[in-house]
Amino acid sequence: MTATAEALAEHGLGVVRFEFPYMANRRIEGTRRPPPHAEKLKSDYLAAIDELQADGPLIIGGKSMGGRVASMIADELFEAERIAGLLCVGYPFHPIGKPEKLRTEHLQELRTPTLICQGTRDQFGSMDEVSQYELSSAILMTWFEDGDHDLKPRKRVSGFTHADHIQSMGGAVSAWVDGLVG
């Protein structure tokens, strides 16, 4: 997350990060309990947005679970003109090894302008899998060759490094944001 935030900042984008309480508990207690259901995290995300008191165009989003939760509240905030868009990095389209348990129902009708940055071999939704899903036309997918859930490629296979993909992602996000609010 630090590298992602730094890459976005290098492109002039302000980034504010927050930690879900369950993640803070994992860090403090040193335990690795499963996360709560995404629906239970929506109030934490909304509280973080309220605390921010953003002035100007706001893009919400997150990595994996953070992006999923943000996608669940995005339309409400977009319609209230509180956000301009949604950014998801490594969206968890389904649990690992369970491609039949899709987490895409709300993505079919999403109205918020959305950019999803995904590795082509992400175990939570590869390019081959995601290309079969019915997703809203408001969603733009940006793929990172041979990238995993963290966009990390196998250098010998792809010729890219993780740093290459993170920098490319920063540029893609910056161009997308410019198109939204420019």
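Predicted model: local features only at pLDDT ≥ 70, side-chain atom pairs only at ≥ 80, totals over all residues.
Q: What makes strand S1 (residues 59-63) and S2 a pair?
A: Five bridges join S1 to S2, and the two strands run parallel; because a pair requires at least two bridges, S1 and S2 meet the criterion. Within this pairing, Gly-61 stands opposite Leu-87 in S2.

Q: How do you know that S2 also pairs with strand S3 (residues 114-119), and which residue in S3 is the bridge partner of Val-89?
A: S2 and S3 are connected in the parallel sense over four bridges, and since at least two are needed, they too count as paired. The bridge partner of Val-89 in S3 is Cys-117.

Q: Which helix forms a β-α-β unit with S1 and S2, and what is the handedness of that unit?
A: Helix H4 (residues 65-79) makes the unit together with S1 and S2, and the unit is right-handed.

Q: Why is strand S2 (residues 85-89) called mostly covered?
A: Five of its five residues are buried, which means that each has under 20% relative accessible area. Gly-85, Leu-87 and Val-89 point one way from the strand, whereas Leu-86 and Cys-88 point the other way, and all are buried. In a regular strand, side chains alternate between the two faces of the sheet.

Q: Why is Thr-4 called buried?
A: Thr-4 has a relative accessibility of 13%, and because the cut-off for buried is under 20%, Thr-4 is classed as buried. Thr-4 lies in helix H1 (residues 2-10) and, leaving aside neighbours within four places in sequence, is in contact with Ile-166 and Met-169.

Q: Why is the pair of Phe-20 and Tyr-22 called stacked?
A: Their rings lie 6.1 Å apart centre to centre, with 20 degrees between the planes, and because planes under 30 degrees apart count as stacked, the pair is given that name. Phe-18, Phe-20, Tyr-22 and Tyr-45 form one aromatic cluster.

Q: How do you know whether Phe-18, Phe-20 and Tyr-22 are buried or partly exposed?
A: Phe-20, at 6% relative accessibility, is buried, and Tyr-22, at 14%, is buried as well, because both values are under 20%. Phe-18, at 37%, counts as partly exposed, because that value falls between 20% and 50%.

How values were computed. Residues numbered from 1 in each chain as written. Heavy atoms only, no water. Buried < 20%, exposed > 50% of the residue type's maximum accessible area, 1.4 Å probe, protein only. Right-handed = clockwise from strand over helix to strand, strands pointing away. Contact = heavy atoms within 4.5 Å. Phe/Tyr/Trp six-rings, centres within 6.5 Å; stacked < 30°, edge-to-face > 60°.
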